[in-house]
Amino acid sequence: MKVLHVVGARPNFMKAAPVLAALKRRGARQVLVHTGQHYDASLSDVQFRQLGLPRPDENLEVGSGSHAQQTALILGRLEPVVLARRPDWVVVYGDVNSTVAAALLCSKLGVKVAHVEAGLRSFDRSMPEEINRLLTDQVADLLFTPSVDADANLACEGVAASKIRRVGNVMIDTLVRLLPKARRPRIPGLAERCIPVTLHRPSNVDDPASLRRVVRALERIARRAQVVFPVHPRTRARMKAAGIKASGLLLTEPLGYLEFLYLQKHALAVITDSGGIQEETTFLGVPCLTVRRNTERPITLTLGTNVLVGEDMARLEKEAGRILDGRGRRGRVPPLWDGRASERIADALLRA
Ligand code: UD1
């Protein structure tokens, strides 16, 4: 059995690492392709190292660009790689542009595609990731879902039940493995406990007025607890262009996986617009405030510690105050988020 994995952006790496490891233990031949969608050391190299991912066999070096350019470059550059390597399965992860481009290409080539983290839906088609999820799941041959809501979404879209395997949350496999190695980041002035923040969604950062509103709210929250903000390159560029200083916050470069995990583990609360962080905080039992109108991970709201505050900054401040007063949400860990999802994926792939 030969499996070719395609990764491209930061949130793919922690999902692919345990699947590669589980397949390696079972003796599968594997090829790792990095599309190069993320290329900054802080978003890619550091993560690869800390997660113990092997050096990619191929790097397509597509870099940044419009969605059309990025997707088209991946299609063009991945085709000869797949034709030459002749894998039995191509595995794609999550919902980034690299995911949908690889899935589309392989389905056209008649190469079987497995999608890890299938079935999640925000029902908001203005999000690029939602389009990526919908299309990837339509062409995938095997769909690995993290939770029961994802199975239901796929059934509604007419995906045959025979293609779906509910395996649990593979991101949690990495968290469980690396939690003991989480390490305190070297940030001068970092408090023992703080509120880490991540923001990079176009809906929050591309419009200068929205970005300013969020940063102002964070500055007010920072009067009660230290707010630490590792700034994604996209957000940094937008802040610079709009002249937003965020003086009351502790700003840093994007952190490594182990350093950010340390911050989450010791956090008073986390404020984010990321998908994966909503899940990680639920697993860790840390209150999470999500600055989005919707989430493709509703189980973090129903079972976990997540609260959607939308674009209502008064609500964000109110919820943060509630948490700092000791009245944050307590949640439960969803079923199958047990650190063994990648074992189930590897077994299913080898049987398929
Ligand atoms: C991508 C994913 C998003 C994911 C996020 C995690 C898509 C559609 N979006 O968003 O789902 O949550 O990754 O980070 O696939 N840039 C750099 N260095 C890099 C990469 C990007 O400076 O290594 C800058 C460039 O200015 C680029 C911008 O960030 O134009 C956006 O990068 P892109 O890969 O298009 O999307 P992300 O916002 O990172």
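**Close-up 1. Packing of helices H9 and H10 in a predicted model.** Helix H9 covers residues 208–221, and helix H10 covers residues 233–242. The two pack at an angle of about 100°. Their axes lie 10 Å apart. Angles from 65 to 115 degrees count as roughly perpendicular, so H9 and H10 are roughly perpendicular to each other.

**Close-up 2. Residues where H9 meets H10.** H9 brings Pro-208, Leu-211 and Arg-212 to the contact. H10 brings Thr-235, Arg-238, Met-239 and Ala-242. By class, the residues of this contact are four nonpolar, one polar and two charged.

**Close-up 3. The shell around the ligand.** The ligand is surrounded by 18 residues. The closest are His-38, Tyr-39, Asp-40, Glu-129 and His-200. Sorted by class, the shell holds five nonpolar, eight polar and five charged residues. Three helices each supply at least two residues of the shell: H1 (10–25), H3 (67–85) and H10. H10 also packs against H9, as in the opening view.

Close-up 4. How much of the ligand's accessible area does the protein cover? On its own, the ligand has 750 Å² of accessible area, and the protein covers 85% of it.

How values were computed: Residues are numbered from 1 along each chain as its sequence is written. This is a predicted model: local features need pLDDT of at least 70, side-chain atom pairs count only at pLDDT 80 or more; totals for chains, interfaces and linings use all residues. Side-chain values use heavy atoms; hydrogens and water are left out. Axes are lines fitted to C-alpha atoms, for helices over the stretch in contact, and angles run from 0 to 180 degrees between N-to-C directions. Helices (H or I, at least four residues) and strands (E, at least two) are DSSP runs, numbered from the N terminus. Angles under 35 degrees count as roughly parallel, over 145 as roughly antiparallel, 65 to 115 as roughly perpendicular and the rest as oblique. Contact means heavy atoms within 4.5 Å. Ala, Val, Leu, Ile, Met, Phe, Trp, Tyr, Cys and Pro count as nonpolar, Asp, Glu, Lys and Arg as charged, and the others, Gly among them, as polar. A residue is near a molecule or strand if one of its heavy atoms lies within 4 Å of it. Accessible areas come from the Shrake-Rupley method with a 1.4 Å probe; for residues, only the protein chains shown count as cover.
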